[in-house]
Amino acid sequence: MEEERQRLEAEKNKYSPINVNEMYSAYKSNPARAHREYSGRYVKIMGSVVGTIESGADVVTTGVIQGNEYYSMVDSFINCYPKTEEAKSAIYNISMNQRIVVYGKIKKVGDLMGYYVDVDRFEW
């Protein structure tokens, strides 16, 4: 029981918390620098808003709300690719325009399409 608790705690701590607005600013100011800074990192992305849910449940895109404006492609597009069964199942329980937390690894930052994230889980 103690080993399981320690394993879960270690898993939780591997994700660096980051606000979606920070990611937005980094991407808008310099995509190359954002790529260097974020690619390969395990992150807990807080404050993102669901923009699209693909009908095949294989991609969820999120963006950021600043003031009354929603920004997604190309402004702060976060492409979420669920990689675990937990993340794949969660897609059926989230809704468009819902604020979520994304846990995963940033694979890369593209010039036009923003961040690509392999998702371990979603929270709302």
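How many salt bridges does the structure hold? The structure, a predicted model, holds three salt bridges.

**View 1. The start of helix α2 and its buried residues.** Helix α2 spans residues 20-29. At its start, a side-chain oxygen of asparagine 19 comes to within 2.7 Å of the backbone nitrogen of asparagine 21. The buried residues of this helix are Val20, Met23, Tyr24, Ala26 and Tyr27. Viewed down the axis of α2, these buried residues fall within an arc of 170°, and they therefore line one face of the helix.

**View 2. The two ends of helix α3.** Helix α3 comprises residues 31-38. At the start of the helix, the backbone nitrogen of alanine 32 has a side-chain oxygen of asparagine 30 within 3.0 Å. Glycine 40 follows α3 and has a positive phi, near 90°.

**View 3. Glutamine 98 in its loop.** Glutamine 98 belongs to the loop between α4 (85-90) and β6 (99-110). A polar atom of the glutamine 98 side chain lies 2.7 Å from the backbone nitrogen of serine 95. Leaving aside residues up to four places away in sequence, glutamine 98 touches Ser48, Val49, Val50, Asn93 and Trp124.

View 4. The side chains of glutamate 85 and lysine 88 form a salt bridge, with an N to O distance of 3.9 Å. Both residues lie in helix α4, three residues apart, which is about one turn of the helix. Glutamate 85 counts as exposed, at 57% relative accessibility, whereas lysine 88 is partly exposed, with a relative accessible area of 35%.

View 5. Lysine 107 and aspartate 118 meet through their side chains in a salt bridge of 3.8 Å, N to O. The pair links distant parts of the chain, with lysine 107 in strand β6 and aspartate 118 in strand β7 (residues 114-123), 11 residues apart. Aspartate 118 has a relative accessible area of 18% and is therefore buried, the limit for this class being under 20%. Lysine 107 counts as partly exposed, at 46% relative accessibility.

**View 6. The salt bridge of arginine 121 and glutamate 123.** The side chains of arginine 121 and glutamate 123 meet in a salt bridge of 3.8 Å, N to O. Arginine 121 counts as buried, at 16% relative accessibility, while glutamate 123 is partly exposed, with a relative accessible area of 33%.

Technical notes: Residues are numbered from 1 along each chain as its sequence is written. This is a predicted model: local features need pLDDT of at least 70, side-chain atom pairs count only at pLDDT 80 or more; totals for chains, interfaces and linings use all residues. Side-chain values use heavy atoms; hydrogens and water are left out. A polar contact is a pair of N or O atoms within 3.5 Å; within protein, one must be able to donate a hydrogen and the other to accept it, and residues adjacent in sequence count only if both atoms are side-chain atoms. Helices (H or I, at least four residues) and strands (E, at least two) are DSSP runs, numbered from the N terminus. Contact means heavy atoms within 4.5 Å. Buried means under 20% relative accessible area, exposed over 50%, partly exposed in between (1.4 Å probe, protein chains only). The arc is that of the directions from the helix axis to the C-beta atoms. A salt bridge is a side-chain nitrogen of Lys or Arg within 4 Å of a carboxyl oxygen of Asp or Glu.
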